[in-house]
Amino acid sequence: MGLISFLKSKFKNKDKSVEEYSQGMEKSRANFSNRLETLSKKYRKVNEEYFDELEEILIESDIGVSLAVKTIERLLDESKKKKISDADQINELLVDILFEDYMSKGNDFHEIRFNENGPTVLLVVGVNGVGKTTTIAKLAKRYKDMNKKVLLVAADTFRAGAIEQLQTWANRLNIDIVTGSQNGDPASVAFDGMRRAKQTNADLVIVDTAGRLQTKQGLMDELGKINRVISKEIADAPHETFLIIDATTGQNGVSQAKAFSEVTKITGVVITKMDGTSKGGIILAIRDELSIPVRFIGLGEGLDHLKEFDLHKYLYGLCVK
Amino acid sequence: MAFESLTDKLSGIFKKLKGQARLTESNMDEMLKEIRVALLEADVNFKVVKEFINNVKEKAIGQDVLKQLNPSQMIVKIVHDELEQLLGSGENEINYQKNRPTVIMLVGLQGSGKTTTAGKLAYLMKNKLNKKVLLAACDVYRPAAIDQLEQIANDINVPVVNMGTNVSPVEISKAAYKKAFDDHFDVLIIDTAGRLQIDEQLMDELNHIKLSINPDEVLLLVDAMSGQDAVNVASAFNEKISLTGVVMSKLDGDARGGAALSVKHITNVPIKFSGIGEKIVDLDIFHADRMADRILGMGDVMTLVEKAQEEIDEKDAKKTVNKMMSGKFDLDDMLEQMKKVQKMGSLGGLLKLVPGMPKVSPEQLAHSEKEMKNFEIIINSMTKEERKNPAIFKYSRKIRVANGSGKTVADVNRVLKKFEQTKEMMKQMESYKKSGRMPPGFNGKFPGMF
Ligand SMILES: Nc1nc2c(ncn2[C@@H]2O[C@H](COP(=O)(O)OP(=O)(O)OP(=O)(O)O)[C@@H](O)[C@H]2O)c(=O)[nH]1
Ligand SMILES: [Mg+2]
């Protein structure tokens, strides 16, 4: 199934969205030049070397060797079956395959799913320095702009300056924040946060946590405890748990996703620093192994530098150098 | 991702090649393919892997396979040695100035660990090297970055030049340098804001800081978890502001850290430090051998060495025992033996994994490393005759050796005592070997160790 037909079947009854989606794609197709185009000019008719180069493009995006090899093998198969040997069509097929792979793992949705009644809780986790706190500020702005009442909870009591950092964003956004003391128990800050959310009827509570490497059992246990305290205070909370992945992350990203999934129920990935030159291919490996959807992408340090994840644009970008 | 151990994969291939005594293009190819995958899985950049593998191939072709290794192990050994050599090359000391403050500037992408490392470096230099250290807070962009540095500095009692967020980083660093100079600080550490290497404006800013204070060290922070793009980041920073060193951060996680190889290969800038935790003390000098193990997947090389060691040691041990029995075991032999054991110890806790080996703590290891260095210095100050026949040592000879090596007579005595112990131990070993039993508590303790 080609991309367009796949999309059509996906949106069978929503003709308008198909149109919009296809139009959007048209645009990115215009940008979809550079490396792939040069490649296809160079080859026109593809040979083995061409597939090697495509594999290289994928590996250099951090998608991982095994997924890259698997994808290219499928590409070879399908191009043979469909008797495609034109470089441009091969490239289309590659994007199709990646797209279908992603969609076959589950739904592609982005916005926070709000709880019917009572506060919706979003827990934000990840390794050190990936952009948790900044992403929280961006998300807070996004939902404040949608007229949601947002509350921040500064449960990173460990890293020097972390509380002040979130506090600064809260001040700039003029939203409520719950803080504890430096080196205090983060779970008790989370507890206070849940209490405050109920008292003030917040729509969205976002809990910042300290960066932690997934191999540190003590810190992972601490996260489990934060999670439990939240669940105890608000039924079904946290409703969303976002794992923040830095676009520069290599193969370790999968280990991160696995380990964090063991202590919390990760409902989405946010990929940050996509304004840099890294392709962030590891999110496809994470999707492949753990089916976690990508919800948002970070494109800079400012409050507005957050976009909904757009799979087709992302995939085209991935293949462009 | 489950990494099948490299040695496992290779040994499968090896079965087909059993008995081949020389490395050739064809018998290496399949093995090199596996090594290529291992390096890519460790996040070494694709192009770097290509070049690296080609270099290894050229080096390896025609080499005889060491007696105690099989061809696949031989290849891993060559790869490992090459990795270690590449990673470890270059001057990795900080160059301290005598008549003015030494200026160290930390640069890198957002979230790579600059501020934490600034604190760790300050702590190390202040507490371990007795330097008078000043920090400068030049990250005026990220909210509360200055608070972060202030808090860290406060904990370790190091002053900070903090001019708020309304002064340009160039002005702050100039003022900091003036203060460091006027107040006779030994070291000034500049913490800069994280930035993308493609952000021209911010890269220009770094360059301005550099031009205005002329730092002795410009250190790039590289996250151990970085993927393929680390090469582009490192080469852009290097081109713009000429790096003098790299610090690998977050090595306490389980990332294989292939970025270290990528960055070193592309920039040839020496890797000077490793960040190994969030605490202020968690900074170590960079160990190329450990990094090579890690990139290849720790266990692999250890298995290799373990296997090789079994054979080498048995042969060596026999030789040593023979020497001893014939009264020829001397101080040189002892030193050589200590070095061998030491080398195994440095291979990332190999000792812990060898059955029957005593448990060794890092402190013990560090201690024995130091002890061995001392022994070496002392033994090198002896005459050939003394080394061959330590029995001739009298007080006057001891004084001469002590003076010559800059040690004390007590130190010399320690060497001689160790020699006697080792001899004794080996004698016992030999007799137990004959009886087929090891004494309890003896537990395969290597002669010459501890
Ligand atoms: N260029 C760019 N920088 C980002 C993005 N998101 C975050 N950053 C920067 O990355 C750095 C680290 O971000 P933080 O939000 O402090 O990361 P964190 O995960 O909260 O860090 P810790 O709490 O220390 O583990 C800061 O300098 C941010 O400005 C992004 O999308 N693009
Ligand atoms: Mg944070």
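These are my notebook entries on a predicted model with chains A and B and a ligand between them.

**Entry 1: chain A overall**

I began with the secondary structure of chain A, which comes to 13 helices and eight strands. I then looked up burial: of the 321 residues in chain A, 50% are buried. I also checked how far apart in sequence the contacting residues are. Taking contacts in chain A between residues at least 6 apart, I found that 75% join residues at least 24 apart.

**Entry 2: the nonpolar core**

I asked which residues touch the most other members of the largest nonpolar core. They are Leu152(A) and Ile206(A), in a core of 190 residues. Helix H6 of chain A, residues 87–103, gives the largest share of this core, with seven residues. Another core, of twelve residues, lies apart from it and includes Leu331(B), Met334(B), Leu335(B) and Phe375(B).

I listed the contacts of Ile206(A), leaving out residues up to four places away in sequence. Ile206(A) touches Leu122(A), Val124(A), Ile136(A), Leu139(A), Ala140(A), Val150(A), Leu152(A) and Val153(A).

**Entry 3: where the chains touch**

I looked up how many residues each chain brings to the contact: chain A gives 32 and chain B gives 32. On the side of chain A that touches chain B, helices H4 (48–59), H8 (162–173) and H11 (252–263) of chain A each supply at least two residues. H8(A) gives the most to that side, with four residues. By class, I noted eight nonpolar, 17 polar and seven charged residues on the side of chain A that touches chain B.

**Entry 4: ligand 1**

Where does ligand 1 lie? I found ligand 1 between chains A and B. There are 26 residues around ligand 1, and those that come nearest are Gly131(A), Thr134(A), Gly211(A), Gly298(A) and Gln110(B). Helix H7 of chain A, residues 132–145, supplies the largest share of the shell around ligand 1, three residues. I sorted the shell by class and got four nonpolar, 15 polar and seven charged residues.

**Entry 5: the sheet in chain B**

I traced an open sheet of eight strands in chain B, with mixed pairing and the order S3-S2-S4-S1-S5-S6-S7-S8. Why is one side of S3 and of S8 in chain B left without a neighbour in the sheet? Strand S3 (160–161) and strand S8 (283–285) of chain B stand at the edges and each have a single partner strand, so each has one side without a neighbour in the sheet.

I then followed one pair: strands S2 (residues 133–138) and S4 (residues 187–192) of chain B run in the parallel sense, with six bridges. In this pair, Val133(B) stands opposite Val187(B) of S4(B).

Next I looked at helices packed on the sheet. Helix H5 of chain B, residues 114–128, touches S1, S2, S4, S5, S6, S7 and S8 of chain B, and its direction makes about 170° with that of S4(B). Helix H7 of chain B, residues 169–182, touches S1, S2, S3 and S4 of chain B, and its direction makes about 165° with that of S2(B).

**Entry 6: Ser173(B)**

I picked one residue of helix H7 of chain B, Ser173(B). Is Ser173(B) buried or exposed? Ser173(B) counts as buried because 25 other C-beta atoms lie within 10 Å, and the cut-off for buried is 20 or more. Leaving out residues up to four places away in sequence, Ser173(B) touches Ala136(B), Cys138(B), Ile190(B), Ile209(B), Ser212(B) and Ile213(B). Last, I checked Met31(B), 142 residues from Ser173(B) along the chain; their C-alpha atoms are separated by 52 Å.

Notes. Residues are numbered from 1 along each chain as its sequence is written. Chains are lettered from A and ligands numbered from 1 in the order in which they are written. This is a predicted model: local features need pLDDT of at least 70, side-chain atom pairs count only at pLDDT 80 or more; totals for chains, interfaces and linings use all residues. Two strands pair if DSSP finds at least two bridges between them. Two residues are in contact if their C-beta atoms, placed from the backbone, lie within 7 Å. Axes are lines fitted to C-alpha atoms, for helices over the stretch in contact, and angles run from 0 to 180 degrees between N-to-C directions. A nonpolar core is a set of buried Ala, Val, Leu, Ile, Met, Phe, Trp, Tyr and Cys residues joined through C-beta atoms within 7 Å. A residue is near a molecule or strand if its C-beta atom, placed from the backbone, lies within 6 Å of it. Ala, Val, Leu, Ile, Met, Phe, Trp, Tyr, Cys and Pro count as nonpolar, Asp, Glu, Lys and Arg as charged, and the others, Gly among them, as polar.
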